[in-house]
Amino acid sequence: MSYKDKIIKEKLPKHIAIIMDGNGRWARKHGQDRIFGHHQGVDAVRDIAEASAELGIKYLTLYAFSTENWNRPKFEVDALMNLFVETITKELDTLNKNNISLNAIGDLDSLPEENYLRLKETIDATASNDRMTLTLAMSYSSHWEIINAVRKILSAKNDQQLKAEDITEDLFSKYLTTAYMPDPELLIRTSGEMRISNFLLWQIAYAELYFTPKLWPEFTPEDLYHAIVNYQSRERRFGLTSEQIKS
Ligand code: IPE
Ligand code: IPE
Ligand code: MG
C-alpha cells in the first residue's frame with residue numbers, strides 16, 4: 001500500500017519547503033562526478049513538483065542554491081548556473097501542463113544575466129497558472145533576506161514616516177521575499193544532515209521538521225507521501241498544552 005492512501009486530504013500542509021541536499025554524495029556513490037548528481041537531481045525536482053501539485057499542495061519551495069554555494073569551486077558553480085538556465089527553459093511545458101506557476105526568491109541580481117532573463121521569462125510565462133506555486137530559492141539565504149528586509153523597512157520608514165511601534169511581525173513578514181505565501185508547515189531536508197543551512201529561518205518558526213537519510217536524487221513521491229503522513233501524525237501545539245489543543 002502506498003503512503004499516498006494514508007494522507008488525510010483535509011489536513012494537507014498548504015506549503016512544503018525542501019532543502020534538496022546530497023546530489024554530490026549520490027554521484028560519488030555511483031562513481032560519477034558531482035555535476036552528474038546535480039543533473040540527476042533535476043529529475044527528482046520534476047517528480048516531486050508534479051506529485052505535490054497533484055496532491056493539492058498550494059506552495060512548494062525548493063532550496064536550489066544558497067548564497068554560501070557561490071564559494072564552491074568555479075566549475076561547479078558554472079555547471080549549476082548552466083543547468084538552471086537549461087532546466088528552467090526546458091521545463092516550461094511541464095509547468096504549464098501541470099498548471100504550476102514558477103517563482104524565485106533570493107538575491108536574484110547576483111545571478112548571471114542569462115540566468116536571470118530565462119528565469120524571468122518562465123516566471124512571466126507561467127504567471128496565470130494557479131494549481132500550485134513552485135518557488136526556487138536561488139542565491140538565497142535567510143541572513144541576506146532579513147538584512148534586505150531591514151534595509152527596505154528603513155527606506156520605507158523615511159518615505160512613509162513609519163514609527164518604531166509600526167514595526168510588527170506582520171509588517172516585517174511583508175518585507176520578506178516570501179510575503180506572497182503562508183509560512184511552510186512542513187520542512188523536509190534530504191541527505192541525513194540535520195541543519196537548516198540558512199534557509200527560511202523566520203518562516204519556519206513553527207514548521208514541523210522532517211529529516212531523511214535519502215539523498216536528493218533518490219527522493220521519490222513515495223518519500224514525500226511518507227513525510228506528509230508523518231507530519232499529519234504530529235500534534236502542533238504552538239505553545240499551548242495538549243489538553244487545550246484537544247478541547
Ligand atoms: C545539494 O547537493 C545541491 C546544492 C547545494 C546546489 P550538494 O551539492 O550539496 O550535495 P552534497 O551535500 O555535497 O552531497
Ligand atoms: C544547502 O545545502 C543548500 C541547498 C540545498 C541549496 P548545502 O550542501 O550547501 O548545505 P551545507 O553546506 O551542508 O550546510
Ligand atoms: Mg550539500
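What follows walks through a beta sheet and some of the helices in this predicted model.

The sheet first. It's an open one, built from 6 strands that line up in the order E3-E4-E2-E1-E5-E6, with parallel pairing. At the edges sit E3 (100-105) and E6, each of which pairs on one side only. On average, and with direction ignored, neighbouring strands are turned by 20 degrees against each other.

Now for the E6 end. Strand E5 (residues 186-189) runs parallel to E6 (residues 208-211), and 4 bridges link the pair. Across this pairing, Ile-188 stands opposite Tyr-210, while Arg-189 stands opposite Phe-211. Helix H8 (residues 221-232) lies across E1 (15-19), E5 and E6, and runs at about 135 degrees to E5.

Then there's a helix pair to look at. H3 (residues 74-90) packs with H5 (residues 113-125) at an angle of about 25 degrees, and their axes are 9 Å apart. Angles under 35 degrees count as roughly parallel, so that's the label H3 and H5 get. The crossing of H3 past H5 is left-handed. On the H3 side, the contact is made by Met-81, Phe-84, Val-85, Ile-88 and Thr-89; H5 brings Glu-114, Asn-115, Arg-118, Leu-119 and Thr-122. Sorted by class, that contact has 5 nonpolar, 3 polar and 2 charged residues.

Key:
Residues numbered from 1 in each chain as written. Chains lettered and ligands numbered in written order. Predicted model: local features only at pLDDT ≥ 70, side-chain atom pairs only at ≥ 80, totals over all residues. Heavy atoms only, no water. Axes fitted to C-alpha atoms, helices over the stretch in contact; angles between N-to-C directions. Helix = DSSP H or I, 4+ residues; strand = E, 2+ residues; numbered from the N terminus. Parallel < 35°, antiparallel > 145°, perpendicular 65-115°, else oblique. Left-handed = near helix turned anticlockwise from the far one by under 90°. Contact = heavy atoms within 4.5 Å. Nonpolar A, V, L, I, M, F, W, Y, C, P; charged D, E, K, R; others polar. Buried < 20%, exposed > 50% of the residue type's maximum accessible area, 1.4 Å probe, protein only. Pairing = 2+ DSSP bridges.
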